[in-house]
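Student: I have a structure open and would like to learn how to read its features. Please take me through them one at a time.

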Amino acid sequence: MSEDAAARLKTALDLFEVGQDLMRARLRRENPEWDEQRLADEIRTWLRHRPGALDGDYPGPRSTRQLRGLA
């Protein structure tokens, strides 16, 4: 993997973690009575069932593009 690809992957993974942290903070703020286990369960549910999760998070039709090195 090139350094550029590794950097892009690291950025994507960092953004994924930030998204989870933001959702956890929102859920904690909206549901202060929930314990850590309930928060973790709700995050997992959100990741599996949020709108667009099965289609790559974009609300439109699936892309037919072929990405370099991934086809």
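**Reading helices, burial and salt bridges**

Student: What should I know about the model before reading it, and how many salt bridges does the structure hold?

Tutor: The structure holds 7 salt bridges, a salt bridge being a side-chain nitrogen of Lys or Arg within 4 Å of a carboxyl oxygen of Asp or Glu. This is a predicted model, in which local features need pLDDT of at least 70, side-chain atom pairs count only at pLDDT 80 or more, and totals for chains, interfaces and linings use all residues. Residues are numbered from 1 along each chain as its sequence is written, and side-chain values use heavy atoms, with hydrogens and water left out.

Student: How many helices and strands does the protein chain have?

Tutor: Helices (H or I, at least four residues) and strands (E, at least two) are DSSP runs, numbered from the N terminus. Here the protein chain has 2 helices and 0 strands.

Student: Is Q20 buried or exposed?

Tutor: Buried means under 20% relative accessible area, exposed over 50%, and partly exposed in between (1.4 Å probe, protein chains only). Q20 has a relative accessible area of 18%, so Q20 is buried. Across the chain, 10% of the 71 residues count as buried.

Student: Where does Q20 lie, and which residues is Q20 in contact with, leaving aside its neighbours within four places in sequence?

Tutor: Q20 is part of helix α1, residues 3–30. Contact means heavy atoms within 4.5 Å. With neighbours within four places in sequence left aside, Q20 is in contact with I43, W46 and L47.

Student: Which residues of helix α2 lie 3 residues apart, about one turn of the helix?

Tutor: D41 and R44 do, in helix α2 (residues 36–49). Their side chains meet in a salt bridge at 2.4 Å, N to O. D41 has 31% relative accessibility, so D41 counts as partly exposed; R44, with a relative accessible area of 36%, is also partly exposed.

Student: Which residue does R28 form a salt bridge with?

Tutor: R28 forms a salt bridge with E36, and their closest N and O atoms are 2.8 Å apart. R28 is partly exposed, at a relative accessible area of 37%, and E36 counts as partly exposed at 49% relative accessibility.
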